[in-house]
Amino acid sequence: MRLLHTSDWHLGRSFHGVGMLDAQRDFVEQLLEVVRERSVDVVLIAGDVYDRALPGLDVVKLLDDALVRITDAGAKVVLTSGNHDSAIRLGFASRLLERGGVHLRTRVEDLDSPILFPLDGNEDTTARPDAPVLAVYGIPYLEPRLVAERLGTETANHFDVTQAAVQLIHEDISRRRETGPVHSVVLAHTFASGGITSDSERDLSIGGLGAVPLDLFEGFGYTALGHLHGRQELAEHVRYSGSPLAYSFSEAKHRKGAWLVDVGVGGVENVEEILWKAPRELAILRGKLTELLESEEYRWAEAAYCQVTLTDAARPAQAMEQLRARFPDTLVLGFDPEDAEGKANVSYSSRLAEAEDDLGVCCGFLDHVRARPGDETELSALREALEAVRLEGAEL
């Protein structure tokens, strides 16, 4: 059997205010092309298919269309819920959808209820009980406070609830192996130790306590992880597919894609990378405004989504407008003056303490928030305003 490991579609998400629905439609087209051309039998989606618990109607329609077209192309779908999804809403009508080849695993009660696929070419897994089968299990995102008691764990943390879920799966595999060969694939939406994070993921807990050790997944033929947006290999058969699109500039160097997993009668035979074409390049630019606007070095970024950090000593006026004249899709603008190192070591409160009068306080504020002092016109306006306040106070 051939599996396509994906996750973190985040349908409905925007990129720094730019809608991504068209780009997500394009990703679905690429996925369908791979399903057809590479004869994929099962598409795995390891959580966060939606970006919100209450997705918009157009977003729901996109997923509905994608699932119909994937199954029409001849592939089954196994989908788990992530921390962005509403497990209850996503799991609605799961028994009915299963008849059409879409298998949802969003409930704790279904942790040890695998989807069985024959590995001997026989569609009926009950025809030969001793025939080798592939058992695909789904571990949805487990919120410790909500599932700890149901899983029988004494403490509500990610390690304990994940360990309990994995134990249920191992016990089910052992029972099934009493009658014939069973190879296992597990989908899990979690943060595994050793994974590299990016800025677009929602923290599962504070201080890294949400990370679960990698050895929890030992004993499975393949573990298809979801949650982290960078495609990465943690162990030979434990991998993150990452998100199909970049959702933050911290992902600018990611090579977005998926994993194509071949499973035979002897287990996992091969794992191959699949790459997705990005809708736009991401450009992270840094320098003085004049340099960025005039240098041919940055011509490639004119059609990219841009994050720009200006290093001018003084914050240029109308900087965003000037940048967008050359880089229309400048989405993030920051300032980091090259000569600000000395100022950075002086706290704002210290500057206030050194101010000789009210005008000095106002000027210090201007210098602090925009990295340049007031000019003569601004100083004159501030003097007039302060004098007006003084006179008003005197009248009272």
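Is Y305 buried or exposed? Select Y305 and see. The model is predicted. In it, Y305 has a relative accessible area of 11%. Buried means under 20%, so Y305 counts as buried.

**Stop 1: around Y305**

**Stop 2**

Select residues 305-310. This is strand β18, and five of its six residues are buried.

Next, show residues 282-287, strand β17. β17 and β18 run parallel, joined by six bridges. For a landmark, find I284: it stands opposite Q307 of β18. Then trace the chain from β17 to β18. The path goes through helix α7, residues 289-294, and this β-α-β crossover is right-handed.

Move on to residues 330-335, strand β19. Five bridges join β19 to β18, and these strands run parallel. Here C306 has T330 of β19 as its bridge partner. The chain reaches β19 from β18 by way of helix α8, residues 319-326. That β-α-β crossover is right-handed.

**Stop 3**

Select W9 and F27. They form an edge-to-face aromatic pair, 5.1 Å centre to centre, with 85° between the planes. W9 sits in the loop between β1 and β2, while F27 is in helix α1 (residues 21-37), so the pair ties together parts that are 18 residues apart in sequence. Both W9 and F27 are buried.

Ring pairs link W9, F27 and W276 into a cluster. Across the protein, the count comes to four aromatic pairs.

**Stop 4: R239 and W259**

Select R239 with W259. R239 lies over the face of W259, at 4.4 Å from the ring centre.

**Last stop: zoom out**

Show the whole protein. It has twelve helices and 19 strands. Of its 396 residues, 47% count as buried. Take the contacts between residues at least 6 apart in sequence: 67% of them join residues at least 24 apart.

Key
Residues numbered from 1 in each chain as written. Predicted model: local features only at pLDDT ≥ 70, side-chain atom pairs only at ≥ 80, totals over all residues. Heavy atoms only, no water. Buried < 20%, exposed > 50% of the residue type's maximum accessible area, 1.4 Å probe, protein only. Helix = DSSP H or I, 4+ residues; strand = E, 2+ residues; numbered from the N terminus. Pairing = 2+ DSSP bridges. Right-handed = clockwise from strand over helix to strand, strands pointing away. Contact = heavy atoms within 4.5 Å. Phe/Tyr/Trp six-rings, centres within 6.5 Å; stacked < 30°, edge-to-face > 60°. Lys NZ or Arg CZ within 6 Å of the ring centre and 35° of its normal.
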